[in-house]
Amino acid sequence: ELYALLHLSPEASDEEIRRAYRQWAQVYHPDKYQAPHMKEIATENFQRICEAYEILSDENKRQIYDIYGMEGLNSGLELGPKLNKVEEIKEQLEKLKRMKEQQKMSALFLPKGSIVANLSLPQFLDGDGIMRGMAMASAVQSQLSKSSALSLSGNLGVEENSGAGAASAVFRHQIASDSTIEFMGSVGLGSLIGVQMTRQLSLHSTATLGIAKSFHDGSINLSNVWTRQLSDTASGNIELLLGPQSSIGVGWQKKDQNTSAAGEFGTNSFGISARYTRRFSSKSHGRIAGRIGSAALEVEVGGGRKVSDFSTVRMLYTIGIRGIFWRFELHRGGQKLLIPILLSRDLNPVLATGAFVVPTSIYFILKKFVFKPYYLKREKQKALENMERTATQVQEARKAAAKAQQLLENVANRKRNKQQETGGLVITKAIYGNHKALKKGDELRETNDELASQVLDVTLPLNFLVNDSGQLKLHDGVKKSGIMGFCDPCPGEPKKLHVEYTYHGERYEVAVDDYEELIIPQIAHRV
């Protein structure tokens, strides 16, 4: 926030820093004020200005601040002998950072697992029990060093009166910045030993070559995969397998912020599959998929919802030549619980329609009357707890902001009057705080005192920041709560700045996020 305090961009030059310091020092120098309480306020803010200038004008301190923030400066990082060059400091800091990352990685285990419980309603109605089969798989990966990792996994499957299992190990080593080699082996069903190597051929292309020997039938299998980045959000791959069951596969994937899609064609079963997923919000998504080939013909639709930071639930409906299925999924961290339920082996139109409509209707009813009220209540409770926890901090910050605005008032009013006389830029109203407390037109929700208390009137400091040319610029990537006369009225909550202004007699308004750049006036802001 030191850049915000001096009203600077993080890329500001040394000269710009000196110029900003001189400007703010003139405003807050204690000698300018005679009244004791004003002198006291000026002294407090002058010290903040001096501290910001001391850090940002020192190349070494600024480098540390840019990488680690105030925490890095206040913690007294152990940089070893005195370092005089910025490059040396950065190199040493990065070295310390890498050492800490390696220490974390050395003790880091990444467990993954899945349980699949296959249920059958027709089998249950025939009196043979509802469980059709079960499969379990588990894997754990340990980062042995920065360039080496070991993965151990096992799986076990049971269906009716038969079962099988396997255990495998994979050692992965990065032999160069663009090359990785893997050694693998498994025992049990499909025992084999093999090695594969991956190399980045260019900025957008990767190739993987592998060879494996099966202990089951003694065969040797060769694999080759080429992957190509087609665009910023899309990639494609071609896979060639040579062995007892040779095949060629072609696939593509596309993923952006809200959607993902994938398609695949393979000669192994002469099939085509496609999948499309769309994110409706930060917590919910929908999915549709289809498969057609010599062994499959089915369509799958469904969706999922994130129920916590680490957990997602999903329900899918599948209809095809194998029958009608429901599938419930619970994903938590790296663990998965999958429950496919066979509803019918026959494609009964009535059952097929009911199996889709009934759970869909139940979901939307529960979402509206149970889930949504519950989540709103929980979010409100979290917000109240956060407000109580930060009440003292916010109160002190508000007092400091009010004091800073007192010292800006005279100059801000002079600038405003001058702009009014020339028909220039005049900030008529500016509110900063919780985005939920603001709505279009920048009117506060007067009926909600809790939200209204999480905003701050910043009209005066913005008028102060208007330059002589009648323009105002707030820099990109700089948190606005650090600006003189601002504060953070709701720590931990998303914030916006809503501004109403006049220019050449016309009304304008604009809202920007906390770290978003603001440049006014602009024609696009005209009301």
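**Confidence**

What pLDDT does the chain average, and what share of the residues score at least 70? I looked this up before anything else. The chain averages a pLDDT of 87, and 90% of the residues score at least 70. I note that pLDDT is the predictor's confidence in each residue, from 0 to 100.

Contact here means heavy atoms within 4.5 Å. Residues 440-447 also have a pLDDT below 50, with 19 contacts beyond near neighbours in sequence. I keep one caution in mind: where pLDDT is low, the predicted coordinates should not be read in detail.

I wrote down the ground rules. This is a predicted model, in which local features need pLDDT of at least 70, side-chain atom pairs count only at pLDDT 80 or more, and totals for chains, interfaces and linings use all residues. Residues are numbered from 1 along each chain as its sequence is written, and side-chain values use heavy atoms, with hydrogens and water left out.

**Overview**

I counted elements next. The chain has 9 helices and 23 strands. Helices (H or I, at least four residues) and strands (E, at least two) are DSSP runs, numbered from the N terminus. Of the 527 residues, 34% count as buried. The cut-offs are these: buried means under 20% relative accessible area, exposed over 50%, and partly exposed in between, with a 1.4 Å probe and protein chains only. I also checked contacts between residues at least 6 apart in sequence: 41% of them join residues at least 24 apart.

**Helices α2 and α7**

I looked at where α2 (residues 14-28) meets α7 (residues 349-422). Their axes come within 9 Å and cross at roughly 95 degrees. The two helices are therefore roughly perpendicular to each other. That label covers 65 to 115 degrees; under 35 counts as roughly parallel, over 145 as roughly antiparallel, and the rest as oblique. Axes are lines fitted to C-alpha atoms, for helices over the stretch in contact, and angles run from 0 to 180 degrees between N-to-C directions.

Which residues meet here? Trp24, Val27 and Tyr28 in α2 meet Ala404, Leu407 and Leu408 in α7. By class, this contact has 6 nonpolar, no polar and no charged residues. Nonpolar means Ala, Val, Leu, Ile, Met, Phe, Trp, Tyr, Cys and Pro; charged means Asp, Glu, Lys and Arg; the others, Gly among them, are polar.

Helix α7 lies across β18 (426-434) and β19, and runs at about 155 degrees to β18.

**The sheet with β18 and β19**

I traced the strand order. It is an open sheet of 4 strands, β19-β18-β21-β22, with antiparallel pairing. Strands β19 (455-457) and β22 (506-513) stand at the edges with a single partner strand each, so one side of each is left without a neighbour in the sheet. Neighbouring strands are turned by 15 degrees against each other on average, direction ignored.

I then took β21 (residues 495-503) with β22. They run antiparallel and are joined by 8 bridges. Two strands pair if DSSP finds at least two bridges between them. Tyr503 stands opposite Glu506 in β22. His504 lies in the loop between β21 and β22. Its phi is positive, about 55 degrees, although His504 is not a glycine. His504 is exposed, at 55% relative accessible area.

I went on to two hairpins. Strands β2 (residues 131-143) and β3 (residues 148-159) pair in the antiparallel sense over 11 bridges. Their hairpin has 4 residues between the strands. Leu150 in β3 is the bridge partner of Ser142.

Strands β3 and β4 (residues 162-176) pair in the antiparallel sense over 12 bridges. Here Ser151 stands opposite Val170 in β4. This hairpin has 2 residues between the strands, and Glu160 takes a positive phi near 55 degrees.

Most residues other than glycine have a negative phi, and most peptide bonds are trans. I noted the cases that depart from this. His7 has a phi near 55 degrees. His7 sits in the loop between α1 (2-5) and α2, and is partly exposed at 21%. The peptide bond from Ile520 to Pro521 is cis, with omega near 5 degrees. Pro521 is in the segment after β23 (518-520).
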